Amino acid sequence: MTVHQLIYYSRNKTPGDDRTQLINLREILSASQRNNGRDGITGYLIFDKSWFVQILEGDRAKVSETYTRIARDTRHGMSTVMNTRDVAERSFPEWTMGGAMRSIDVQEVYLSHGFGGPIDPTKVKWEKLFALALDLNEFERTRRSAHKQAS
Ligand code: FAD
């Protein structure tokens, strides 16, 4: 059975400082984890303050239904699908929705993908953002497992 993947970007519309943005992201991830667990959706959300880039993967109808709901959310705008495709397996199987706000902790991952400054997804190919999401996910996974071993 194939897995449907959709990648889109959108512009953040929530004003405020880093703390407000972090609370905003936590609320989004919490609703995402609740709903995506129910719907068999996994993926990753990149949040670079001005922009969101999200990958949704799962059953085609569920991915489409989830994206339609997300696109209506007033916390962001200019939602634009960059690519859809069917793949043999999930790229983010361990997350109902992983994601992190860009911070100094993950700057090295952004730098390794050539993103020294803010991301402008309107000017970047989807493949480049997909590769960044995979590495951010891997970075987080390695950090978590090191943390677990240490405790
Ligand atoms: P609730 O979370 O109970 O929300 C009820 C209603 O209030 C919804 O219409 C919701 O949009 C709105 N709402 C809630 N909080 C706020 C707020 N702080 N400001 C304005 N309106 C608000 N949802 C998923 O299920 N999966 C995802 O992967 C996912 N990714 C997202 C990515 C982004 C960038 C954004 C902005 C939102 C994302 N969401 C995702 C949230 C989605 O848009 C809906 O808010 C959510 O699915 C609704 O969940 P719910 O039915 O449990 O309603």
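This is a predicted model: local features need pLDDT of at least 70, side-chain atom pairs count only at pLDDT 80 or more; totals for chains, interfaces and linings use all residues.
User: Which residues touch the most other members in the largest nonpolar core?

Analyst: They are Ile7, Ile46, Tyr110, Leu129, Leu132 and Leu136, in a core of 21 residues.

User: Which elements give two or more residues to this core?

Analyst: Strand 1 (3–12), strand 2 (42–47), strand 3 (51–58), helix 3 (107–112) and helix 4 (126–150) do. Helix 4 gives the most, with six residues.

User: Take Leu136. What does Leu136 touch?

Analyst: Leaving out residues up to four places away in sequence, Leu136 touches Tyr44, Ile46, Val106, Val109 and Tyr110. There is also another core, lying apart from the largest one. That other core has 15 residues, including Ile28, Tyr67, Met97 and Met101.

User: Tyr67 is in a helix, I think. Which residues of helix 2 are buried?

Analyst: Val63, Thr66, Tyr67 and Ile70 are buried in helix 2.

User: Why do they line one face of the helix?

Analyst: Look down the axis of helix 2: the buried residues fall within an arc of 100°, so they sit along one face.

User: And what covers the buried residues of helix 2?

Analyst: The cover includes strand 1, helix 1 (18–39), strand 3 and strand 4 (76–87).

User: What span should helix 2 have, and how far apart are its end C-alpha atoms?

Analyst: Helix 2 runs over residues 60–71, which is 12 residues. At 1.5 Å a residue, it should span 16 Å, and the end C-alpha atoms are 16 Å apart, so the two agree.

User: Back to helix 1. Is Asn36 buried or exposed?

Analyst: Asn36, which is found in helix 1, has a relative accessible area of 3%, so it counts as buried.

User: What is Asn36 in contact with?

Analyst: Setting aside neighbours within four places in sequence, Asn36 is in contact with Ile41, Thr66, Thr96 and Met97. Thr66 is one of the buried residues of helix 2, and Met97 is a member of the core of 15 residues.

User: How far is Asn36 from Trp126?

Analyst: The two are 90 residues apart in sequence and 22 Å apart in space, C-alpha to C-alpha.

User: New topic. How many salt bridges does the structure hold?

Analyst: It holds 10 salt bridges. One of them joins Asp48 and Arg102, with the closest N and O atoms 3.2 Å apart.

User: Where do Asp48 and Arg102 lie?

Analyst: Asp48 is in the loop between strand 2 and strand 3, and Arg102 is in the loop between strand 5 (98–101) and helix 3. The pair therefore ties together parts that are 54 residues apart in sequence.

User: Is Asp48 buried or exposed? And is Arg102 buried or exposed?

Analyst: Asp48 is buried, at a relative accessible area of 9%. Arg102 also counts as buried, at 9% relative accessibility.

User: What about Asp73 and Arg75, how do their side chains meet?

Analyst: They meet in a salt bridge of 2.7 Å, N to O. Asp73 is partly exposed, with 24% relative accessibility, and Arg75 is partly exposed too, with a relative accessible area of 28%.

User: Which residues are linked in a network of salt bridges?

Analyst: Glu94, Glu138 and Arg141 are. Within it, Glu94 forms a salt bridge with Arg141, and their closest N and O atoms are 3.5 Å apart. Glu94 lies in the loop between strand 4 and strand 5 and Arg141 in helix 4, so this pair ties together parts 47 residues apart in sequence. Glu94 is partly exposed at 42%, and Arg141 is partly exposed at 39%.

User: Then Glu140. Which side chain of opposite charge is nearest?

Analyst: Arg144 is, 4.1 Å away. A salt bridge needs the nitrogen and the carboxyl oxygen within 4 Å. Glu140 is buried and has no salt bridge.

User: So what does Glu140 touch?

Analyst: Not counting residues up to four places away in sequence, Glu140 touches Tyr44, Trp95, Gly99 and Ala100. Glu140 itself is found in helix 4.

User: Last one. Which phi value does Lys49 have?

Analyst: Phi of Lys49 is near 65°, a positive value in a residue other than glycine. Lys49 lies in the loop between strand 2 and strand 3. Met78, in strand 4, also has a positive phi, about 55°, although it is not a glycine.

Methods. Residues are numbered from 1 along each chain as its sequence is written. Side-chain values use heavy atoms; hydrogens and water are left out. A nonpolar core is a set of buried Ala, Val, Leu, Ile, Met, Phe, Trp, Tyr and Cys residues joined through side-chain atoms within 4.5 Å. Buried means under 20% relative accessible area, exposed over 50%, partly exposed in between (1.4 Å probe, protein chains only). Helices (H or I, at least four residues) and strands (E, at least two) are DSSP runs, numbered from the N terminus. Contact means heavy atoms within 4.5 Å. Lys and Arg count as positive and Asp and Glu as negative; His and the chain ends are not counted. The expected span of a helix is 1.5 Å times one less than its number of residues. The arc is that of the directions from the helix axis to the C-beta atoms.
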